[in-house]
Amino acid sequence: MRICFERGCFVVNIDFREKLFEYVKSSSINLTNEISDMYLNKKLYKYRSGNIRDVDALKNNKLWFGCADNQDDIYDTTFKTKEDWEKLYDAIVAKEPKFKQGKYKEAMYTDGRIFQKDAYLCCFGESTDNDDLWNKYANEYKGFCIEYDCSSLISKSLLPVPVHYGDNTISIYEFRDKRAAIIKICFTKQPQWDCQKEWRIMKWGKMLGINYGEKGILVDAPNPKKIILGKCISRDMKELLMNVAKTLSVDVEEKYV
């Protein structure tokens, strides 16, 4: 399938997600012009349940980064290894001495959760018509969805990356390229989650100024492009969001009404 540009819109070819994932894994990201244009023009969607905290975050241009160990998938940011744990741990310590600390050693010798309490995630969908995301993260269509431009997120040092769905087994030798290994671990999910077509932004706790294992933090975000209302949204929530949209000068779409 080829990429087709028409009046600023584009059809994404089936390889785009995988190509971009591989580019980001690379220690020297060098996007082709074609991929770069698609990336910067891509729109992503944050599904929200519709509680008052969601509305306040939207109103104040904030995005929630939650600790990876609180995700729906208990295996998120974990991995399996082809080699035994002791060899793997020794190899990681040789590459990154901080992992000698007890908390990391304990995590390593459990089930590959070495990064889980240190990684903070903000997750998006790539369309507004994903039933699974509306049901799970937008309170069965009673919530709302927020549209962001990839380019505006990147301008805020928020780099969205498409999630790879597949085997999270990793070889000890892959840690020779630390960046590629970490990207593979933190951006790979089990195939059964493929229907979500997730993109995510990841930050380490120290980058966010929070302590290891904290629940999460609100982070400055760009102005959204649009608010999409769920088909079962209440009249009060709709009115509240219409007022927020007016304050932010963004459009509201009642696509599912």
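What follows is one connected answer that begins with the helix and then turns to the spaces.

Author: This is a predicted model, in which local features need pLDDT of at least 70 and side-chain atom pairs count only at pLDDT 80 or more, whereas totals for chains, interfaces and linings use all residues. Residues are numbered from 1 along each chain as its sequence is written, and side-chain values use heavy atoms, with hydrogens and water left out.

The protein has 10 helices and 15 strands; helices (H or I, at least four residues) and strands (E, at least two) are DSSP runs numbered from the N terminus. Of its 257 residues, 48% are buried, where buried means under 20% relative accessible area, exposed over 50% and partly exposed in between, with a 1.4 Å probe and protein chains only. Among contacts between residues at least 6 apart in sequence, 79% join residues at least 24 apart, a contact being heavy atoms within 4.5 Å.

Helix 10 covers residues 235-248, and its 14 residues should span 20 Å at 1.5 Å a residue, which agrees with the 20 Å between its end C-alpha atoms; the expected span is 1.5 Å times one less than the number of residues. Met237, Leu241, Val244, Ala245 and Leu248 are buried in helix 10. Seen down the axis, the buried residues of helix 10 fall within an arc of 100°, so they line one face of the helix, the arc being that of the directions from the helix axis to the C-beta atoms. On the other side of helix 10, Arg235, Asp236, Glu239, Lys246 and Thr247 are exposed. The partners of the buried residues of helix 10 are helix 3 (52-59), strand 7 (144-149), strand 14 (226-229) and strand 15 (251-253), against which they pack. Just after helix 10, Ser249 takes a positive phi of about 60°.

On a 1 Å grid over the protein atoms alone, a pocket is an open set of points with protein on both sides within 12 Å along at least five of seven lines, a cavity is a set where a 1.4 Å probe fits but cannot get out, and lining residues have an atom within 4 Å of a point. Grid points are joined across faces, edges and corners, and a volume is the space filled by probe spheres set on the points.

The largest pocket holds about 920 Å³ of space, and of the 34 residues that line it, Lys46, Arg48, Trp64, Gln71 and Tyr137 lie nearest its centre. Strand 4 gives the most to this lining, with five residues. By class, the lining of the largest pocket has 15 nonpolar, seven polar and 12 charged residues; Ala, Val, Leu, Ile, Met, Phe, Trp, Tyr, Cys and Pro count as nonpolar, Asp, Glu, Lys and Arg as charged, and the others, Gly among them, as polar.

The second largest pocket has a volume of about 300 Å³, and strand 12 (199-204) gives the most to its lining, with four residues. Its lining has 10 nonpolar, one polar and two charged residues.
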